[in-house]
Amino acid sequence: MDKPLNKVKGKILAEKIAKEAGVELHKCYQCGKCTAGCPMAAGMDLMPRQVIGCMKMGMMNEVLKSKSIWLCAACHTCVERCPHNINLAGLMEGSRMEAKRRGAIGVPEVDKFTDIFMENVKTFGRNQEVVLEGLYNVTTGHLMQDMVNVPHMLKHKIVGPDIRITAEASEVKTLVDTAEVMEAEEEYVKALAAAEQRKGM
């Protein structure tokens, strides 16, 4: 991970992520409804309530190193339960992207799954479950992970050997590639602005 952030820089980063997610951090009064409803909370090291609490205090080192930002399923249960409709899923996503940029990948399997999923979509225009599962299991070393479920999944046609390619697969690839380029350009512009700001200090 990049050099640890002090509280001041942590607060600046937290506010940046919050702004991009459309969140006003001060609106969270730590009621805990997000944590109580989160289906992934049992596997998290920082509860959803604690993630936003750390962000409010500028404790971004703890947030960026956590497993929680990688385990968030973006189901938006937290958002629906929140009295102030705080987009906690957006904060998790923004924090995850920042952590990856800094080389802090708390759950490598999740990062690998996301990369394979996106390549799957770019190649076929949609996700192919069999390809996704196969590549994920091989690249993570979890070779037999889903074997007990395969008969059931085949029987009920949840997965199958057929590869279905979307008619507009090339258009989907172009859209994803364009979005990735725009995101990279945006990050480059932000990095330049931050460098100029440091020079002026």
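Residues are numbered from 1 along each chain as its sequence is written. Because the model is predicted, local features need pLDDT of at least 70 and side-chain atom pairs count only at pLDDT 80 or more, whereas totals for chains, interfaces and linings use all residues; side-chain values use heavy atoms, with hydrogens and water left out.

The largest nonpolar core holds 35 residues. A nonpolar core is here a set of buried Ala, Val, Leu, Ile, Met, Phe, Trp, Tyr and Cys residues joined through side-chain atoms within 4.5 Å. Buried means under 20% relative accessible area, exposed over 50%, and partly exposed in between (1.4 Å probe, protein chains only). The members that touch the most other members are Val23, Leu25, Ile52, Met55, Met60, Val63 and Leu91. Two or more residues of this core come from each of helix 1 (7-20), helix 3 (48-56), helix 4 (60-65), helix 5 (68-71), helix 6 (77-81) and helix 7 (88-101). Helices (H or I, at least four residues) are DSSP runs, numbered from the N terminus. With its neighbours within four places in sequence left aside, Ile52 is in contact with Leu25, Cys28, Gln30, Ile86, Leu88 and Leu91. Contact means heavy atoms within 4.5 Å.

Two packed helices are described by the angle between their axes and the distance between the axes. Axes are lines fitted to C-alpha atoms, for helices over the stretch in contact, and angles run from 0 to 180 degrees between N-to-C directions. For helix 3 and helix 7 the angle is about 65° and the axes are 11 Å apart. The two helices are therefore roughly perpendicular to each other; angles under 35 degrees count as roughly parallel, over 145 as roughly antiparallel, 65 to 115 as roughly perpendicular and the rest as oblique. Their crossing is left-handed. A crossing is left-handed if the near helix is turned anticlockwise from the far one by less than a right angle, and right-handed if clockwise. Helix 3 contributes Pro48, Val51, Ile52 and Met55 to the contact, and helix 7 contributes Leu88, Leu91, Met92 and Ser95. These contact residues comprise 7 nonpolar, 1 polar and no charged. Ala, Val, Leu, Ile, Met, Phe, Trp, Tyr, Cys and Pro count as nonpolar, Asp, Glu, Lys and Arg as charged, and the others, Gly among them, as polar.

Helix 7 also packs against helix 1, at an angle of about 125° and with the axes 9 Å apart. Helix 1 and helix 7 are therefore oblique to each other, and their crossing is right-handed. Leu13, Lys16, Ile17 and Ala18 of helix 1 make this contact with Leu91, Gly94, Ser95 and Glu98 of helix 7. The residues divide into 4 nonpolar, 2 polar and 2 charged. Arg96 is likewise found in helix 7 and counts as buried at 16% relative accessibility. Apart from neighbours within four places in sequence, Arg96 is in contact with Ile69, Trp70 and Cys72.

The axes of helix 8 (residues 108-124) and helix 9 (residues 129-140) come within 10 Å and cross at roughly 140°. This crossing is right-handed. On helix 8, the residues involved are Glu109, Lys112, Phe113, Ile116, Phe117, Asn120 and Phe124, which meet Val131, Leu132, Leu135, Tyr136, Thr139 and Thr140 in helix 9. The contact comprises 8 nonpolar, 3 polar and 2 charged residues. Phe117 counts as partly exposed, at 29% relative accessibility. Beyond its neighbours within four places in sequence, Phe117 is in contact with Asn127 and Leu132. The C-alpha atoms of Phe117 and Glu80 are separated by 27 Å, the two residues being 37 residues apart along the chain.

Most residues other than glycine have a negative phi. His76, in the loop between helix 5 and helix 6, has a positive phi of about 70° although it is not a glycine. At 34% relative accessibility, His76 counts as partly exposed. Asn85, also not a glycine, has a positive phi of about 55° and lies in the loop between helix 6 and helix 7. Asn85 counts as exposed, at 52% relative accessibility. Met57 is found in the loop between helix 3 and helix 4 and, at 46% relative accessibility, counts as partly exposed. Leaving aside neighbours within four places in sequence, Met57 is in contact with Lys7 and Lys11.
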